[in-house]
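The following exercises are to be worked with the sequence and the structure at hand. Each task is followed by a stepwise solution.

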Amino acid sequence: MSEYSSVPILPGATIGILGGGQLGRMTAMAARSLGYRVQVMDPDSSCPARFVVDACFEGSWNDARAAANLARGCDVVTLEIEQVAIECLEAAGRYAPVRPGAAMMRIIQDRILQKEWLRGCGFPVGEYRAVTSAQEMAEAISMLGGRCFIKSAHGGYDGRSQVKVGFGSTCDAVEAWTMLGQRPCVVEKALELDREISVMVARSPRGEVKSFPSAMNHHENQILVWSVIPSSVAPEIEAGAQRIAREIADGFQLEGLLAVEMFLTKSGELLVNELAPRPHNSYHASERACVTSQFEQAVRAVCNLPLGDVSIVQPAAIVNLLGDLWLDKEGQPREPRFDQALAVPGVRLHLYEKHQPRKGRKMGHLSGVGAIPAEAVERVLEAKARL
Ligand code: ADP
Ligand code: MG
């Protein structure tokens, strides 16, 4: 246990966040509501968090000096992106506790180490091979049955740094190896998914653990489209998912948040897909669905405060708004019809103040509530269709 493990960091203190994207922004907004001061570090000086924080330090994900400058004025440092270099976490750690810590981040930011850790601890994962050459990749693809997801060991989100093979396209191992930058990869057998769920778990330095009811997540082209809390999976699946998430949090001695993405296969197996040690897109609806949002829980966890109640208040869903909505069929700029969307009962708009819409870029989301989860989903989809 660290020297800080029993001391709460009280409102009025300053929280540093490595990363000022939408996750950092929404965490900062929750922190401000609690009376904290917030500063962030981001490569982009006009990042989404910029508009809601006390200070923004410009620095790339491997700029240890910028990370140290951020941490110098902070009482605690957290992160909103897992690709921050370990040197940055270590540099920040000389001035303030960094939560989650470098030891866990080292494992999570490398897909190969992450999978090995999960498998080594006995958590269920799908079949995969770690590969370091085109030839190994070809062998892995054929051993895993030909239909695979190939994921670069480092970097990648929203399906980027990933290639699918065996889905009717002609992409083979040599091409995939080149497309992914000729770097170590994980080759995963493509699973027949019944559905995808995630569980957000929080653990504080003093060892308190709370996991949110699972969310159900709908992806298209490997990007999350909509998500709903609660997930309505069978009680025994829910219990298994909760157990897995909490055991992973304890296994890492997590300090902060961890989203555990899981697959429920058509044959009824519950498998861990990947881990995200930060707020997660699939829990944006927690702002509407739960007594405590994931963003407030992040603040409570890293500040070593009592964790908030995660019970459901009402079912809630979100749908992501990608940059595509700001472009017409000819690629010309257009303004989405927010007034139309907001006329749908129970729907709210969340924009991240990203000034340049690009195809596939997450610009914001709509959230909605309903009497049952399906109604919440229906309402956000209806609202999005009106945009
Ligand atoms: P990212 O870091 O981009 O979220 P993921 O590994 O979570 O990467 O993959 C994105 C999505 O692609 C998953 O949520 C799922 O829909 C699909 N996917 C990934 N791996 C597999 C797999 N082995 N079998 C089936 N679908 C997969
Ligand atoms: Mg994912």
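**Exercise 1.** Determine which strands each supply at least two residues of the shell around ligand 1, and describe that shell.

*Solution.* Step 1: the strands are β6 (148-152), β8 (185-189), β9, β13 and β14, strands being DSSP runs of E with at least two residues, numbered from the N terminus. The model is predicted: local features need pLDDT of at least 70 and side-chain atom pairs 80 or more, while totals for chains, interfaces and linings use all residues. Residues are numbered from 1 along each chain as written, and ligands from 1 in the order written.

Step 1: of the 19 residues around the ligand (a heavy atom within 4 Å), K151, G159, Q162, E196 and E274 come nearest. By class, the shell has six nonpolar, five polar and eight charged residues, with Gly counted as polar.

Step 2: an oxygen atom of ligand 1 is 2.8 Å from a side-chain N or O atom of E274, and a ligand nitrogen atom is 3.0 Å from a polar side-chain atom of E188. The protein covers 92% of the 550 Å² of accessible area (Shrake-Rupley method, 1.4 Å probe) that ligand 1 has on its own.

Terms used:
Heavy atoms only, no water. Polar contact = N/O pair within 3.5 Å; in protein donor to acceptor, adjacent residues only side chain to side chain. Helix = DSSP H or I, 4+ residues; strand = E, 2+ residues; numbered from the N terminus.
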